[in-house]
Amino acid sequence: MASSKEYLQFILEQLSDLEEINYRAMMGEYIIYYRGKIVGGIYDDRLLVKPTKSAVSYMATAIYELPYEGAKEMLLVEDVDSKEYLTGLFKAMYDELPVHKSNNKIRKF
């Protein structure tokens, strides 16, 4: 099942206090970038983030899920209703994320 544009817009609104939040559509799902680095994505209307050490310690419960068959496990973000929580999570993760090669298909929000 592909993710809905409505869920993407909801997540982007929740992250609107952060600068440089971008996304890229990929096969019915969405990759989320923060300041040029991939933080995670939206898969089947679920926000999943990379399992960095800071993300695991930031989250009260770290639930690992597969974004799609054959992929590496990611962390399910359950508390998507709190802008402050999501903003804090993305900021906490940023330094541990690998630098991503630029791609001009990234859509600015």
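Contact here means heavy atoms within 4.5 Å. This is a predicted model, where local features need pLDDT of at least 70, side-chain atom pairs count only at pLDDT 80 or more, and totals for chains, interfaces and linings use all residues. Residues are numbered from 1 along each chain as its sequence is written, and side-chain values use heavy atoms, with hydrogens and water left out.

View 1. Follow the sequence and you get α-β-β-β-β-α-β-β-α-β; helices (H or I, at least four residues) and strands (E, at least two) are DSSP runs, numbered from the N terminus. Of contacts between residues at least 6 apart in sequence, 58% join residues at least 24 apart. Buried residues make up 45% of the 109 in the chain, with buried meaning under 20% relative accessible area (1.4 Å probe, protein chains only).

**View 2. Helix α3 and what covers it.** In α3 (residues 83-93), the buried residues are Tyr85, Leu86, Thr87, Gly88, Leu89, Phe90 and Met93. Their cover includes helices α1 (5-14) and α2 (53-58), along with strands β1 (21-26), β2 (29-34), β3 (37-43) and β4 (46-49).

**View 3. The largest nonpolar core, 27 residues in all.** A nonpolar core is a set of buried Ala, Val, Leu, Ile, Met, Phe, Trp, Tyr and Cys residues joined through side-chain atoms within 4.5 Å. Leu15, Ile42, Leu47, Val49, Val77, Leu89 and Phe90 have the most contacts inside this core. Helix α3 gives the most to it, with five residues. Zoom in on valine 49 and, leaving out residues up to four places away in sequence, you find it touching Val39, Gly40, Met74, Leu75, Val77, Leu89, Phe90 and Met93. A second, separate core of six residues includes Tyr33, Leu48, Met74 and Leu76.

**View 4. Arginine 46, a residue of strand β4.** Arginine 46 counts as buried because its relative accessible area is 19%. Its side chain joins that of glutamate 65 through a polar contact of 2.4 Å (a pair of N or O atoms within 3.5 Å; within protein, one must be able to donate a hydrogen and the other to accept it, and residues adjacent in sequence count only if both atoms are side-chain atoms). Beyond four places in sequence, arginine 46 touches Tyr7, Gly41, Glu65, Leu66, Pro67 and Leu76.

Note on methods: Buried < 20%, exposed > 50% of the residue type's maximum accessible area, 1.4 Å probe, protein only.
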